[in-house]
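Please look over the sequence and the structure shown here. A short briefing comes after them.

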Amino acid sequence: MSPVDETQHTWSSDDPVIVRATAIVAQTLGRDAESLRPESVLAGGPGADEEGLANVASLLEMELDIDGLYEDAADWETVGDILDSVHDQTT
């Protein structure tokens, strides 16, 4: 069995839900959406502490009408982790 490439994601950056989620993440964390990449690390950035990520999860759940992100927030280390969670909840 070959190792899993964690830089690979099952979602497309053109997916309207992913585009909207990226904009919400950027706004909540006070970053520019165009500068966010899946590999962008959350640690050390504004709003990237435990409370800030819980806020991101709550806003994404509310704005995208999905559930289950709040439970994932403690494991988020990159923007790609957030978008993976969004994709998993919307497919």
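This is a predicted model: local features need pLDDT of at least 70, side-chain atom pairs count only at pLDDT 80 or more; totals for chains, interfaces and linings use all residues.

Residues are numbered from 1 along each chain as its sequence is written, and side-chain values use heavy atoms, with hydrogens and water left out.

**Nonpolar core**
- A nonpolar core is a set of buried Ala, Val, Leu, Ile, Met, Phe, Trp, Tyr and Cys residues joined through side-chain atoms within 4.5 Å; buried means under 20% relative accessible area (1.4 Å probe, protein chains only).
- The largest such core has 23 residues, and Leu-42, Leu-60, Trp-76 and Val-86 touch the most other members.
- At least two residues of this core come from each of helix H1 (16–29), helix H2 (50–64) and helix H4 (79–90); helices are DSSP runs (H or I, at least four residues), numbered from the N terminus.
- H1 gives the most, with 6 residues.
- Beyond its neighbours within four places in sequence, Val-86 is in contact (heavy atoms within 4.5 Å) with Val-17, Ile-18, Ala-21, Leu-60, Leu-64, Ile-66 and Leu-69.

**Helix H1**
- Buried residues of H1 include Ile-18, Ala-21, Ile-24, Val-25 and Leu-29.
- H2 and H4 are among the elements that cover the buried residues of H1.
- Just after H1, Gly-30 has a positive phi of about 70 degrees.

**Gly-52**
- Gly-52 is part of helix H2 and is buried, its relative accessible area being 13%.
- Gly-52 and Leu-29 are 23 residues apart along the chain, with their C-alpha atoms separated by 7.7 Å.

Definitions and conventions: Buried means under 20% relative accessible area, exposed over 50%, partly exposed in between (1.4 Å probe, protein chains only).
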